[in-house]
Amino acid sequence: MNSQAKLLHLQAIQNLLAPYRYLYCVDLEATCDEVGENESPRSLKVVRDQMETIVFGLVVIDLESLDIVDEFQRFVRPQINPALTDFCKRLTSIQQSGVDGASTHEEIGDELRTFAARYPNAAWASWGDYDARQLERDAGFAACPSLLEGLPHFNARKWHAGLYDERPKSLKQTVESLGLVWLSTYHRGIDDARNVASIIKEMLG
């Protein structure tokens, strides 16, 4: 991508964010299952339509200074499939004890609204659209508003693809391709949210 095209794309992103003071960088982990290569064929214990968020991570960027000013992380107790699969525990490094004593989706929604009141005039972004779809799924299961109800959502992965004219990469590959330092544990809510924030700061800076 030539410098003029890159500048125009960056200006388009900046125009999208111009109405907002804060950007919430969000990453979720959810219940899941997968049959391993060495396993015998079996039915999945958790199907896609029944995935439930088990950890919610959020990092707040002040769009005026591009500083990270706060974080919010909570474990969420799943209702449909309360027992985490071995695959899920390996993927996320979250153990059963981490969710057994966690709050419900509705309780965390109350906590998050109190937290978000300190950072009004906000939008939120995630690496891809999965997190937005999962929040809507969670809200349907819990019969209550989505955790980020009413806030505009942006796909940071599309921003990156357009700005760097590259095929979509994983979050970790993108961090490394930008020469940034990978922060902590992959597939672990707040850590991935921090890495999303790092990428967005690099793009906007």
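Biologist: Where does Asn-121 lie?

Modeller: This is a predicted model, in which local features need pLDDT of at least 70, side-chain atom pairs count only at pLDDT 80 or more, and totals for chains, interfaces and linings use all residues. Residues are numbered from 1 along each chain as its sequence is written, and side-chain values use heavy atoms, leaving out hydrogens and water. Helices (H or I, at least four residues) and strands (E, at least two) are DSSP runs, numbered from the N terminus. In those terms, Asn-121 lies in the loop between α4 and β4.

Biologist: What is the phi of Asn-121, which is not a glycine?

Modeller: Most residues other than glycine have a negative phi. Asn-121 is not a glycine, yet its phi is positive, at about 55°.

Biologist: What does Asn-121 count as by its relative accessibility?

Modeller: Buried means under 20% relative accessible area, exposed over 50%, and partly exposed in between (1.4 Å probe, protein chains only). The relative accessibility of Asn-121 is 43%, so this residue counts as partly exposed.

Biologist: Where is Ala-143 found?

Modeller: Ala-143 also has a phi near 55°, a positive value in a residue other than glycine. Its relative accessibility is 70%, so Ala-143 counts as exposed. It comes just after α5, and is found in the loop between α5 and β5.

Biologist: Let's look at that helix. How far does α5 reach from its first C-alpha to its last?

Modeller: Helix α5 covers residues 130-142, which makes 13 residues. The expected span of a helix is 1.5 Å times one less than its number of residues. For α5 the expected value is 18 Å, and the helix comes close to that, reaching 18 Å.

Biologist: Which residues of α5 are buried?

Modeller: They cover an arc of only 160° around the axis, which puts them on the same side of α5; the arc is that of the directions from the helix axis to the C-beta atoms. The face turned away from this buried side carries the exposed residues Arg-133, Glu-136 and Gly-140. The buried residues are Asp-131, Ala-132, Gln-134, Leu-135, Asp-138 and Ala-139.

Biologist: What covers the buried residues of α5?

Modeller: Contact here means heavy atoms within 4.5 Å. The cover includes one helix, α4 (105-116), along with the strands β1 (22-30), β2 (53-62), β4 (122-126) and β5 (153-155).

Biologist: In what order do the five strands form the open sheet?

Modeller: Two strands pair if DSSP finds at least two bridges between them. The pairing in this sheet is mixed, and the order is β3-β2-β1-β4-β5.

Biologist: Which strands are the edge strands?

Modeller: An edge strand here pairs on one side only. That holds for β3 (67-75) and β5.

Biologist: Which residue of β5 is the bridge partner of Ala-125?

Modeller: Strands β4 and β5 run parallel and are joined by three bridges. In β5, the bridge partner of Ala-125 is Phe-154.

Biologist: What angle does the direction of helix α8 make with that of β2?

Modeller: Helix α8 (residues 190-204) packs on the sheet and touches β1, β2, β3 and β4. Axes are lines fitted to C-alpha atoms, for helices over the stretch in contact, and angles run from 0 to 180 degrees between N-to-C directions. The angle between α8 and β2 is about 30°.

Biologist: How many residues apart in sequence are the parts that Glu-71 and Arg-194 tie together?

Modeller: The side chains of Glu-71 and Arg-194 meet in a salt bridge of 2.8 Å, N to O; a salt bridge is a side-chain nitrogen of Lys or Arg within 4 Å of a carboxyl oxygen of Asp or Glu. Glu-71 lies in strand β3 and Arg-194 in helix α8, so the parts they tie together are apart in sequence by 123 residues.

Biologist: How far apart are the closest N and O atoms of Glu-64 and Arg-21?

Modeller: Glu-64 is exposed, with a relative accessible area of 65%, while Arg-21 counts as partly exposed at 29%. They form a salt bridge whose closest N and O atoms are apart by 3.8 Å.

Biologist: And how many salt bridges does a search of the whole structure find?

Modeller: One of them joins Asp-110 and Arg-113 (2.7 Å, N to O). Being three residues apart in helix α4, Asp-110 and Arg-113 are separated by about one helical turn. Over the whole structure, the number of salt bridges found is 11.
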